Amino acid sequence: MGAQWKAKGKELAANARGRLFGKLAKEIMVAARNGADPASNARLRLVVEQARKVSMPKDTLERAIKKGAGLTGDTVHFEHVIYEGFAPHRVPLMVECLTDNLNRTASEIRVLFRKGHLGTSGSVSWDFDHVGMIEAEPQAAGADPELAAIEAGAQDFEPGHEEGTTTFLTDHADLDIVSRALPAQGFTVLSAKLGYKAKNPISPASLSAAELEEVEAFLAAVDANDDVQNIFVGLGD
């Protein structure tokens with residue numbers, strides 16, 4: 001959870017899927033500004049691969065690419081904005097948004113943070129590292145993530161969100177280089193993005209079950225907002 005929080009629970013699956021497609025479509029539109037061909041646009045290629053992995057409908061995917069590249073006549077402009085603050089029980093978090101209306105997003109985030117505490121810029125980010133996060137899976141049983149991390153130039157690695165996957169952490173400037181190097185080390189890249197990792201995550205053991213539930217409910221409410229792309233939480237796994 002220290003790297004990136006994701007919604008849990010089967011009852012969230014259907015809603016989460018719709019939201020995931022919406023978030024990926026935004027990422028695709030933003031990436032496609034630099035060209036509609038994934039072969040020559042590394043950022044777009046990675047998001048498209050991610051979209052295919054979660055079975056995003058082909059027409060949705062192609063429409064997002066065309067819209068982002070300006071091929072449909074529509075002008076799309078998303079602002080990237082990060083909010084910093086605390087969930088209940090002083091759990092630090094960074095909320096990354098892509099929005100076409102900054103005033104609306106700011107207003108909605110303020111409401112969502114009533115059960116937590118919305119900080120000013122820099123109030124929480126000092127306790128997070130800005131890193132590249134690459135989620136990958138072994139191409140064959142027995143692939144060694146430690147060796148792959150060393151050879152590909154990653155700074156560190158940890159178990160990924162999905163069973164059997166590994167998250168490789170890189171310097172933020174090395175994200176693309178390491179992504180390209182991992183396949184030769186026996187790992188297939190599932191997603192690659194820049195994000196924030198807590199330097200001093202709070203141990204979940206320091207919170208009661210009821211307190212953890214409050215934190216989860218808060219994070220789920222924030223994640224449900226259409227403008228929120230990613231949530232990075234200072235809570236250990």
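**Starting from one asparagine**

Modeller: Happy to! Let's begin with Asn41, which is buried, having a relative accessible area of 5%. Keep in mind that this is a predicted model.

Colleague: Why does Asn41 count as buried?

Modeller: Because buried means under 20% relative accessible area, and Asn41 has 5%.

Colleague: Okay, and where is Asn41 placed?

Modeller: Asn41 is in the loop between helix H1, residues 13-31, and helix H2, residues 42-53.

Colleague: Which residues does Asn41 touch, apart from its neighbours within four places in sequence?

Modeller: Asn41 is in contact with Ala31, Ala32, Asn34 and Gly35. With Gly35 there is some detail to look at: the side chain of Asn41 reaches the backbone oxygen of Gly35 at 3.0 Å.

Colleague: What about Ala31, how far apart are the C-alpha atoms?

Modeller: The C-alpha atoms of Asn41 and Ala31 are separated by 7.9 Å, and the two residues are ten apart along the chain.

Colleague: Let's move on to H2. How many residues does H2 have, and what span does it reach?

Modeller: H2 has twelve residues. From its first C-alpha to its last it reaches 17 Å, close to the 16 Å expected at 1.5 Å a residue.

Colleague: Which residues of H2 are buried?

Modeller: Those are Ala42, Leu44, Leu46, Val47, Val48, Gln50 and Ala51. A handy thing to remember when looking at a list like that: an α-helix has 3.6 residues a turn, so residues three or four places apart point the same way.

Colleague: Nice. And what follows H2?

Modeller: Ser55 does, and its phi is positive, near 60 degrees.

Colleague: Changing topic: how are strands S2 and S8 paired, parallel or antiparallel?

Modeller: S2, residues 91-99, pairs with S8 in the antiparallel sense, over five bridges. As an example, Val95 has Ile231 in S8 as its bridge partner.

Colleague: Is S8 mostly covered or open, and how many of its residues are buried?

Modeller: S8, residues 228-233, is mostly covered, with six of its six residues buried.

Colleague: Now zoom out. How many helices and strands are in the chain?

Modeller: The chain contains seven helices and eight strands. Of its 237 residues, buried ones make up 43%.

Colleague: What does the radius of gyration say about the chain?

Modeller: The chain has 18 Å, and a compact globule with 237 residues would be near 18 Å, so the two agree. Along the principal axes, the C-alpha atoms fill a box of roughly 50 × 45 × 35 Å.

How values were computed:
Residues numbered from 1 in each chain as written. Predicted model: local features only at pLDDT ≥ 70, side-chain atom pairs only at ≥ 80, totals over all residues. Heavy atoms only, no water. Helix = DSSP H or I, 4+ residues; strand = E, 2+ residues; numbered from the N terminus. Buried < 20%, exposed > 50% of the residue type's maximum accessible area, 1.4 Å probe, protein only. Contact = heavy atoms within 4.5 Å. Polar contact = N/O pair within 3.5 Å; in protein donor to acceptor, adjacent residues only side chain to side chain. Expected span 1.5 Å × (residues − 1). Pairing = 2+ DSSP bridges. Rg over C-alpha atoms; globule rule 2.2 N^0.38 Å.
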